[in-house]
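Terms are defined where they first come up.

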Amino acid sequence: MSLPGLPELRAAQALVRAAVPPTPQHRWPLLEQALAAAPGDGTALWVKHENHTPVGAFKVRGGVVYLHHLMQAAQAPAGLVSATRGNHGQSIARAAAAYGLPVTIVVPRGNSREKNAAMRALGAELIEHGEDFQAAREHAQALAAARGWVMVPSFHQHLVAGVASYALELFDAVPGLQRVYVPIGLGSGAAGLIAARDALGLDCEIVGVVSTGAPAYALSLAAGQPVSHAVSTVLADGMACRTPEPAALPLLAAGLARIVQVSDAKVAEAMRQLFEATHQVAEGAGAAAWAAALAEREQLAGRCTAVILSGGNVDREVYQAVLACQTPSS
């Protein structure tokens, strides 16, 4: 798989814009203050608010473009199956509803209660299977084959082109960005950011962020080949990847400056800081980029930096615990 070029990205952006309003990017003084070495040192920190999409996460963009191309086929699919921890499933369910297609989403047992409810509200049949995303994905693949339905992957060129629309919005709105931090689940968000940067010919460093409790991508990029690793993160479910996507690895290896790992404790701290400074709700994966920027704050003084707040879909009881300075552990 290769990254989409600018014509494909702009065409995908037009499709997305017809279904999903652009999300804002804001500078928040208290966040800039947390990064600055000294007052007035020129530090600029932009937050791209993908928590403002109609499903509360960036993934909604990919479903629009993927379904558009799927429906161009000579025969429409009988139905769709996919696997998710929640945000990708909402994206596919919402896009499928626009075409009147039935969709079944497989999630691991113990998945986010509120993400599950949102997918059902969008019309999806929900099946709980397995202990993690990889087990859910394998069951979804078997189910799609048995039914003769289309298995919608979590990583695909059309998904990447769709989610890249957030990156185009950010780069168009903020000229001169020097560094962007982006969380990595299976890699579509990071790949979309890389695709947009490269297509626009920009000189901007992109730093990927993973959980210390889900280090498969960090290990894989270091090894130069896919490396699976058990998942232990509780808070950053959007980054809870056991087995990396092989097609994503060369794209991320070529386009990322490096990967930063952040713990659940640091993610919880970042969630609290984002709420205190902006009154925005960030789920664990959504706060991870800010956690990574804080970890590298000494490098960012005087620079123009952005963090991707990729989503705000966190269960109420989890968020309540985080705000009470309790990091959920099970």
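A cavity is here a set of points, on a 1 Å grid over the protein atoms alone, where a 1.4 Å probe fits but cannot get out, and lining residues are those with an atom within 4 Å of a point. Grid points are joined across faces, edges and corners, and a volume is the space filled by probe spheres set on the points. By this rule there are two cavities of 30 Å³ or more. The model is a predicted one, in which local features need pLDDT of at least 70 and side-chain atom pairs count only at pLDDT 80 or more, while totals for chains, interfaces and linings use all residues. Residues are numbered from 1 along each chain as its sequence is written, and side-chain values use heavy atoms, with hydrogens and water left out.

**Cavities**

- The largest cavity holds about 360 Å³ of space, and of the 25 residues that line it, K59, G185, L186, G238 and M239 are the closest to its centre.
- The lining of the largest cavity comprises nine nonpolar, eleven polar and five charged residues, with Ala, Val, Leu, Ile, Met, Phe, Trp, Tyr, Cys and Pro counted as nonpolar, Asp, Glu, Lys and Arg as charged, and the others, Gly among them, as polar.
- The second largest cavity has a volume of about 40 Å³, and its lining is formed by F58, Y166, V182, P183, G189, I308 and S310, of which five are nonpolar, two polar and none charged.

**Largest pocket**

- A pocket, in contrast to a cavity, is an open set of points with protein on both sides within 12 Å along at least five of seven lines, and the largest pocket has a volume of about 540 Å³.
- The largest pocket is lined by 26 residues, and those nearest its centre are R85, G110, S112, V234 and D237; by class, this lining has nine nonpolar, eight polar and nine charged residues.

**Helix 3 with helix 4**

- Helix 3 (residues 60–70) packs against helix 4 at an angle of about 40 degrees, with the axes 8 Å apart, where axes are lines fitted to C-alpha atoms, for helices over the stretch in contact, and angles run from 0 to 180 degrees between N-to-C directions.
- That angle makes helix 3 oblique to helix 4, since angles under 35 degrees count as roughly parallel, over 145 as roughly antiparallel, 65 to 115 as roughly perpendicular and the rest as oblique.
- The contact (heavy atoms within 4.5 Å) is made by V60, G62, G63, V64 and L67 of helix 3 and by S91, I92, R94, A95 and A96 of helix 4, and these residues divide into six nonpolar, three polar and one charged.

**Helix 1 with helix 8**

- The axes of helix 1 (residues 6–19) and helix 8 come within 9 Å and cross at roughly 125 degrees, and the two helices are therefore oblique to each other.
- L6, L9 and R10 of helix 1 meet A195, A196, A199 and L200 of helix 8, a contact with six nonpolar residues, no polar ones and one charged.

**Helix 4 with helix 5**

- Helix 4 and helix 5 (residues 113–121) pack at an angle of about 10 degrees with their axes 9 Å apart, and they are therefore roughly parallel to each other.
- This contact involves N87, G89, Q90 and A93 of helix 4 and K115, A118 and M119 of helix 5, with three nonpolar, three polar and one charged residues by class.

How values were computed. Helices (H or I, at least four residues) and strands (E, at least two) are DSSP runs, numbered from the N terminus.
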